[in-house]
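Subject: Structure handover

Dear colleague,

I am passing on the structure below, together with some notes on what was found in it. Please read them with the structure open beside you.

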Amino acid sequence: DADSILERQRARESSARTYARSFPIVPARAHGMTIEGTDGRRYLDCLSGAGTLALGHNHPVVREALRRTIDSGAPLHVLDLATPEKDDFTDALFETLPKEFADRARVHFCGPAGTDAVEAALKLMQTATGRRGVLAFTGAYHGMTAGALAATGSVAVKEPVPGGGAAGGEVTRLPYPYAYRCPFGVGGERGAELAATYTERLLDDPSGGVVRPAAMIVEAVQGEGGAVPAPDGWLREMRRITRERDIPLIVDEVQTGVGRTGAYWAVEHSGVVPDAMVMSKAIGGGLPLAVIVYDRDYDGWLPGAHTGTFRGNTLAMATGAATLRYVTREGLAERAATVGARLTARLEGLRSELPLIGDVRGRGLMIGVEIVDPEGPLDSCGSRPVAPGTAARVQEGCLARGLILELGGRFGSTVRLLPPLVITDEEAESVLERLTEAIAEASA
Ligand code: PMP
């Protein structure tokens, strides 16, 4: 039964287990937004495999792609040989790209995880520019392998590794325009302007200590950082600043991609055309797949310069292509925008009665509710002190009500909603109801 399975997991698996601690359940079956435990209990899943399951669990389109591919007798894994499935996935992927980018794009299939693709993107730009350093932002999350970890902001995940990971050179940390806790003590658009000005001045200061970098890497909406959207104007400034200084701009779309934020790719909201995009999670339709897509001017690797055994497997190509096309066909990015806006507005409306809610933010179905100490002092950005303990109680209260969601952001004080894009109106209502109750309970 569930208890003995959990007991054996505790005895045999690594002490680094995370989700298993917050959600001590043993999933048996899942469909759409619902996970059913071995004990028959049902949960609404607002985590979606950390954003991987754009179509929810076991979507018919994904199951059909799997069945068809297995039955066809196609080889499951052939390194980077051409296959009809890979060809079809590449078509499907290129159809989703902004036209200006697609026309000049090349794709590189990476190891199966987001962090592999981040490593590849940084390395590609190091090869292309002959430079080493990387510009990355406060609150950023790019992965757990050495280079990606170095670019990640969270000290908590960097500290266990002596030196905090290595990016083949130094990482310069720049301020992300996090309006609620703006690094310059000023919120809103003005805070974002200050962040952009600081970045530009720092890069141009001959005594600023920044050696000319190989790339800037940025998330258009920070995910693990607490569902923090960057203003479009700020992102356009980053594009201008990098272009004027001949610094390649990499946009990490691992979590924001495939309709999640209300556009197919989050970078599209701003109209920015990056030099490279990093993609994983939802592009595989639930199976592991990661790629970098970049401007052909950077296609400078010699054969074998960046290999790896598992560069996309046939099943993931098939489930990925089916997912990418379904999101377009069913207008799921638009749906994410509509449902996301409604959820965000309703949560915002709760602020006056539930003062634990310090900030509600996000884009599309990437939503953050920052839990604060309502008695704490108000600072110059209009924010109150973080309350990670209370946020953890909200998460527990949600789980007790059959709602799975994850915490993130500074000190883990932001409750994050990452439901599948196929969430129904009734499910959205149910999420709101359970979350509101859990926040009210944690307030008591
Ligand atoms: N980049 C971003 C923006 C992410 O959110 C994540 C995962 N949360 C990664 C990279 C790393 O992906 P993976 O966990 O698959 O290595």
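Domain bounds, as used here, come from an automatic or database domain assignment. This is a predicted model, in which local features need pLDDT of at least 70 and side-chain atom pairs count only at pLDDT 80 or more, while totals for chains, interfaces and linings use all residues. Residues are numbered from 1 along each chain as its sequence is written.

The chain is divided into domain 1 (11-59 + 332-443) and domain 2 (62-329), and the C-alpha centres of the two domains lie 24 Å apart. Between them, 35 residues of domain 1 are in contact with 32 residues of domain 2, where contact means that the C-beta atoms, placed from the backbone, lie within 7 Å.

The largest nonpolar core has 130 residues; such a core is a set of buried Ala, Val, Leu, Ile, Met, Phe, Trp, Tyr and Cys residues joined through C-beta atoms within 7 Å, and buried means that 20 or more other C-beta atoms lie within 10 Å of the residue's own. Helix H12 (residues 314-329) gives the most to this core, with 9 residues, helices being DSSP runs of H or I with at least four residues, numbered from the N terminus. Because both domain 1 and domain 2 give residues to this core, it lies between them.

Among the residues with the most contacts inside the core is Ile 292, which, leaving aside neighbours within four places in sequence, is in contact with residues including His 108, Cys 110, Leu 124 and Val 278.

Best wishes

Key
Two residues are in contact if their C-beta atoms, placed from the backbone, lie within 7 Å. A residue is buried if 20 or more other C-beta atoms lie within 10 Å of its own, exposed if 12 or fewer, and partly exposed in between; C-beta atoms are placed from the backbone. Helices (H or I, at least four residues) and strands (E, at least two) are DSSP runs, numbered from the N terminus.
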